[in-house]
Amino acid sequence: MTDRNDGAPPRNTLGPTPLKDAAFREAVGAVDWEVDARYAWDTGVAVGEYLRGLRRGVILARECRRCRRVLVPPRMFCEQCFRPTDRWVQVEDTGIVNTFSICHIRWDMEPLEEPELPAVIEIDGASRGIGFMHKLGEVAPEDVSIGLAVEAVWAPDEERRGSILDIRYFRPREPSLRRT
Ligand SMILES: [Zn+2]
């Protein structure tokens, strides 16, 4: 076991994120002690490499040679074949809408002025049915449909941090369906 209290960040983490005392107090109310809270998420090998890819502006996947599936987000183990996956592959930053929702309220039940459009995006180059959740932008809710071809809109290079939010959203590939 690795000693997590030795001060060194674990190998695959992007570094601890300080939780400021002021933010903590605002969230939980008055406390009369120093919080000095820190947390770090150990991404693991597969997601660590995936996040480093996003920082470079590419989407990485893992391929299993036995079932020939390309998995994104990547995982080091194929749950169908019960064996390790074999190699890294770069997939496209385009895909199709597998399913979507039209959200009129936020997570805390506050109404939204503009609805948000969370969607599962099947990524081109990955196996069919495989992809990840993100959100749609530059599109009116009535123009979204299952199977809509979309493309990633990336944050500028200098703003990318190794996060799924390095992709700001997915927009229709067809310019006539885009709204500003
Ligand atoms: Zn497999």
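Predicted model: local features only at pLDDT ≥ 70, side-chain atom pairs only at ≥ 80, totals over all residues.
Visitor: Where does Phe82 lie?

Guide: Phe82 is in the loop between β5 and β6 (83-84). Its phi is positive, about 55°, although the residue is not a glycine. Most residues other than glycine have a negative phi.

Visitor: What is phi near in Glu138?

Guide: Phi of Glu138 is also positive, near 55°, and Glu138 is a residue other than glycine. Glu138 sits in the loop between β11 (131-136) and β12. With 16 C-beta neighbours inside 10 Å, Glu138 counts as partly exposed.

Visitor: And the peptide bond from Val72 to Pro73, is that cis or trans?

Guide: That bond is cis, with omega near -5°. Pro73 belongs to the loop between β4 and β5 (77-78). Most peptide bonds are trans.

Visitor: Changing topic, which residues have the most contacts inside the largest nonpolar core?

Guide: Val72 and Val150 do, in a core of 24 residues. Several elements give two or more residues to this core: α2 (44-56), β3 (59-64), β8 (94-100), β10 (111-123), β12 (149-154) and β13 (167-172). In soluble globular proteins, nonpolar side chains tend to be buried together.

Visitor: Which residues does Val150 touch?

Guide: Leaving aside residues up to four places away in sequence, the partners of Val150 include Thr94, Gly95, Ile96 and Val97. Ile121, Leu136 and Phe170 are also among them, as are Arg171, Pro172 and Arg173.

Visitor: You mentioned α2. Which of its residues are buried?

Guide: In α2, the buried residues are Ala46, Tyr50, Leu51 and Leu54. They lie on the same side of α2, because they cover an arc of only 125° around the axis. An α-helix has 3.6 residues a turn, so residues three or four places apart point the same way.

Visitor: What do those buried residues of α2 pack against?

Guide: They pack against β3 and β13.

Visitor: How many residues does α2 have, and what follows it?

Guide: α2 has 13 residues and spans 18 Å from its first C-alpha to its last, close to the 18 Å expected at 1.5 Å a residue. Gly57 comes after α2, with a positive phi near 85°.

Visitor: In what order do the three strands of the open sheet stand?

Guide: The order is β4-β3-β7, and the pairing is antiparallel. At the edges are β4 (69-71) and β7 (87-91); each has a single partner strand, so one side of each is left without a neighbour in the sheet. From one strand to the next, the twist averages 40°.

Visitor: How many bridges join β3 to β7?

Guide: Five bridges join these antiparallel strands. Leu60 stands opposite Gln90 in β7. The helix α2 packs on the sheet, where it touches β3 and β7, and its direction makes about 145° with that of β3.

Visitor: Stepping back, how many helices and strands does the protein chain have?

Guide: The chain has two helices and 13 strands. Of its 180 residues, 20% count as buried. Among contacts between residues at least 6 apart in sequence, 52% join residues at least 24 apart.

Terms used: Residues numbered from 1 in each chain as written. Core = buried A, V, L, I, M, F, W, Y, C linked by C-beta atoms within 7 Å. Buried ≥ 20, exposed ≤ 12 C-beta atoms within 10 Å, placed from the backbone. Helix = DSSP H or I, 4+ residues; strand = E, 2+ residues; numbered from the N terminus. Contact = placed C-beta atoms within 7 Å. Expected span 1.5 Å × (residues − 1). Arc of directions from axis to C-beta. Pairing = 2+ DSSP bridges. Axes fitted to C-alpha atoms, helices over the stretch in contact; angles between N-to-C directions.
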